[in-house]
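Reader: I would like a close look at one part of this model, with its packing described carefully.

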Amino acid sequence: MDYKEKYGAWAVVTGASSGIGEAFSNFFAKNGMDIVLISNEDDELKIVSKRLEQEHKISTITLCVDLSDPARYTEITPAIQNLDIGVLANNVSFGRSGDFLNFTMDEYSKMIELNAHSYIWLTYMVLPKLIKKNKGALLFTSSMNAMAPNGGSAVYTATKGFELYFGCALWDELKNTKIDVLNVLPGPTRTRFQERAGTTTAKIAMSAQELVEGMVPFLGKEMFYIPGQKNRLLAKSMHCFSFTQKVKLASHLHHYLLHENPKAGFFRIMFEGIKAAFG
Ligand SMILES: NC(=O)c1ccc[n+]([C@@H]2O[C@H](COP(=O)([O-])OP(=O)(O)OC[C@H]3O[C@@H](n4cnc5c(N)ncnc54)[C@H](OP(=O)(O)O)[C@@H]3O)[C@@H](O)[C@H]2O)c1
């Protein structure tokens, strides 16, 4: 697929200096697009930018902006306003794992600004350009975590639900245009996310590269994409449960996989989920 032709010259990616955002940047660069890389560590952004330019012979712009501080969002405007933007990947987020009162209000405010406000602000900036040329793509990295509220990460799971609802609502508003909207719901993925959230990475975690490459058949066709067949099977099986059961299942699996038994395999996870739902 020639994404540059289909969508436009530039992809704007938040959280681009590591993990899934870096993999999105790599994917669109490999497909010939120029990339605006946004995150909050200049040195890491420069390393990714240099690598992409050398490997794929494309151009990049790096924007070191703390997206948990809305007062700084306007620093992005002059850098992108004259670009032919084709893709916006709203991907940045951080989470915390633990009971609600274990963290400060300051941390929660930053989480909400980063995981929710930055998604709305950037979409509000970029969407008029896509509508004007009637082409482009909006990507929203939510989480499988958004499929049911998780005790043990109350505010994070609420922000992931927000992103999913926001992205799916825009999918509907734009469904009769040539603007593709894809809501990405990763399961456990090997990135720096878990380390930052103070948890461990589950054995079943997939790589960010595998996640992004698996997106291709879904982009432009589906409203959301759950990476990995086992994750999709788990998601499908959730339809069998009541909402209360889903909350019990998701909360238990959150704790079980991240704290109790990160080495659990797929069948053990299914068993634990069902046990919790009926417990
Ligand atoms: N990994 C998983 O298991 C998993 C599962 C489900 C959903 N997700 C979702 O996937 C998305 C990407 O996460 P990831 O796993 O790739 O995590 P990651 O490796 O921690 O990457 C997060 C990125 O966000 C940037 N960032 C963090 N705080 C920022 C801030 N205040 N301002 C600007 N940039 C900031 C980081 O930049 P610096 O390095 O410069 O701080 C980094 O580039 C998130 O939306 C997450 O919720 C991840």
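At what angle do helix 2 and helix 3 pack, and how far apart are their axes?

Author: The model is a predicted one, and what follows is computed from its atoms. Helix 2, covering residues 19-30, packs against helix 3, covering residues 42-56, at an angle of about 25°, and their axes lie 10 Å apart. Because angles under 35 degrees count as roughly parallel, helix 2 is described as roughly parallel to helix 3. The crossing in which helix 2 passes helix 3 is right-handed.

On the side of helix 2, the contact is made by E22, S25, N26, A29 and K30, which meet V48, L52 and H56 in helix 3. Sorted by class, the residues of this contact are three nonpolar, three polar and two charged.

Helix 2 is mostly covered, with 11 of its 12 residues buried. The buried residues are G19, I20, G21, E22, A23, F24, S25, N26, F27, F28 and A29, and among them E22, S25, N26 and A29 also take part in the contact with helix 3. Just after helix 2, G32 adopts a positive phi of about 90°.

A second pair is formed by helix 5 (residues 105-133) and helix 6 (residues 154-173), whose axes come within 10 Å and cross at roughly 10°. That angle makes helix 5 roughly parallel to helix 6. Helix 5 contributes Y108, M111, I112, N115, A116, Y119 and I120 to the contact, while helix 6 contributes V155, Y156, T159, F162, E163 and F166. By class, this contact has 10 nonpolar, two polar and one charged residues.

A further pair consists of helix 10 (residues 243-260) and helix 11 (residues 266-278), which pack at an angle of about 135° with their axes 8 Å apart. That angle makes helix 10 oblique to helix 11, and helix 10 passes helix 11 in a right-handed crossing. Here Q245, K248, L249, H252, L253, Y256 and L257 in helix 10 meet I269, E272, G273, A276 and A277 in helix 11, and the residues of the contact divide into seven nonpolar, three polar and two charged.

Key
Residues are numbered from 1 along each chain as its sequence is written. This is a predicted model: local features need pLDDT of at least 70, side-chain atom pairs count only at pLDDT 80 or more; totals for chains, interfaces and linings use all residues. Axes are lines fitted to C-alpha atoms, for helices over the stretch in contact, and angles run from 0 to 180 degrees between N-to-C directions. Helices (H or I, at least four residues) and strands (E, at least two) are DSSP runs, numbered from the N terminus. Angles under 35 degrees count as roughly parallel, over 145 as roughly antiparallel, 65 to 115 as roughly perpendicular and the rest as oblique. A crossing is left-handed if the near helix is turned anticlockwise from the far one by less than a right angle, and right-handed if clockwise. Two residues are in contact if their C-beta atoms, placed from the backbone, lie within 7 Å. Ala, Val, Leu, Ile, Met, Phe, Trp, Tyr, Cys and Pro count as nonpolar, Asp, Glu, Lys and Arg as charged, and the others, Gly among them, as polar. A residue is buried if 20 or more other C-beta atoms lie within 10 Å of its own, exposed if 12 or fewer, and partly exposed in between; C-beta atoms are placed from the backbone.
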